[in-house]
Amino acid sequence: EKDPARQESMVRELEEIDKTIERTGTPAELAKLNERRARVLQGLAEQASSDDERETWTRQYADTVSAAAQGGAFPGGIELLRALLQKLKQNSASAELIAYVEYRLLSADYAHKLQQPDADYVKIQDQWQTDLLKFVTDYPRSEDTPEAMLQLAVGEEFRGKTQEAVDWYGRIVDSFGESPQGKKAAGAKRRLQSVGNAISL
């Protein structure tokens with residue numbers, strides 16, 4: 001049952017945590033603050049009086065935990081995101097919300113692996129491409145799908161697989177042409193297909 005006074009208290013606590021994070025520099029302190037922030041956001045989601053409000057707090061939870069984990073300030077955030085994703089699936093949350101959390105989990109996990117001292121960049125990149133492909137297949141129309149497809153295209157281009165990159169850029173243009181990623185993809189496709197061709201002036 002929603003408790004307005006408790007909800008207001010949690011919002012104030014969240015504001016105080018944010019101010020403290022701005023003044024904190026040590027990794028250990030940041031990790032503790034980010035964990036505390038995650039607990040407060042989880043509490044706000046549980047206190048929500050509607051599905052829309054709950055989804056808003058859940059998205060903020062996923063955003064902030066993922067950002068902190070990617071920045072190296074909250075490695076434990078990856079497991080929290082994994083647990084959140086499992087809970088959403090068990091509770092039959094909307095496919096859009098599940099996709100939103102899953103993409104932020106994938107991004108956080110990828111960034112965390114790259115930050116490790118013994119990181120095997122080729123292996124990590126291969127896994128990233130595999131994860132992105134599965135995401136695009138599972139969620140062909142989510143709000144993060146064009147960004148995932150763009151990352152796939154860039155990955156193929158860096159591997160020297162020009163035709164595969166062109167194909168991905170083309171798929172983005174066809175499916176999400178009006179999105180920011182669609183416009184980037186159109187330019188990248190033109191760039192790759194112009195190599196060796198004369199341009200009329």
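# Phe 135 and its surroundings

Apart from residues up to four places away in sequence, Phe 135 touches Ala 99, Glu 102, Tyr 103, Leu 106, Ser 142, Asp 144, Thr 145 and Ala 148. Contact here means heavy atoms within 4.5 Å. The model is a predicted one, in which local features need pLDDT of at least 70 and side-chain atom pairs count only at pLDDT 80 or more, while totals for chains, interfaces and linings use all residues. Residues are numbered from 1 along each chain as its sequence is written, and side-chain values use heavy atoms, with hydrogens and water left out.

Phe 135 counts as buried because its relative accessibility is 0%. Buried means under 20% relative accessible area, exposed over 50%, and partly exposed in between (1.4 Å probe, protein chains only). Phe 135 is also among the residues with the most contacts inside the largest nonpolar core, together with Leu 44, Val 101 and Tyr 169. This core has 52 residues, and helix α5 (residues 95-114) gives the most to it, with 10 residues. A nonpolar core is a set of buried Ala, Val, Leu, Ile, Met, Phe, Trp, Tyr and Cys residues joined through side-chain atoms within 4.5 Å. Helices (H or I, at least four residues) and strands (E, at least two) are DSSP runs, numbered from the N terminus.

## Aromatic pairs

The whole structure holds 3 aromatic pairs. Rings of Phe, Tyr and Trp (its six-membered ring) pair if their centres lie within 6.5 Å; planes under 30 degrees apart count as stacked, over 60 as edge-to-face and the rest as tilted. Two of the pairs involve Phe 135.

| Pair | Centre to centre | Angle between planes | Type |
|---|---|---|---|
| Tyr 103 and Phe 135 | 5.2 Å | 50° | tilted |
| Phe 135 and Tyr 139 | 5.1 Å | 50° | tilted |

Tyr 103 lies in helix α5 and Phe 135 in helix α6 (residues 121-138), so their pair ties together parts that are 32 residues apart in sequence. Tyr 103 is buried, with a relative accessible area of 8%, and Tyr 139 is buried as well. Tyr 103, Phe 135 and Tyr 139 form one aromatic cluster.

## Ser 142 and Thr 145

Ser 142 sits in the loop between α6 and α7 and is buried, at 5% relative accessible area. Beyond four places in sequence, Ser 142 touches Glu 96, Ala 99 and Phe 135. The C-alpha atoms of Ser 142 and Tyr 103 are 9.9 Å apart, although 39 residues separate the two along the chain.

Thr 145 belongs to helix α7 and is buried, with 0% relative accessibility. Its side chain makes a polar contact of 2.9 Å with the side chain of Ser 142. A polar contact is a pair of N or O atoms within 3.5 Å; within protein, one must be able to donate a hydrogen and the other to accept it, and residues adjacent in sequence count only if both atoms are side-chain atoms. The side chain of Thr 145 also reaches the backbone oxygen of Tyr 139 at 2.4 Å.

## Helix α9

In α9 the buried residues are Gln 181, Gly 182, Ala 185, Ala 188 and Leu 192. They cover an arc of only 125° around the axis (taken from the directions from the helix axis to the C-beta atoms), which puts them on the same side of α9. Pro 180, Lys 183 and Arg 190, on the other side, are exposed.
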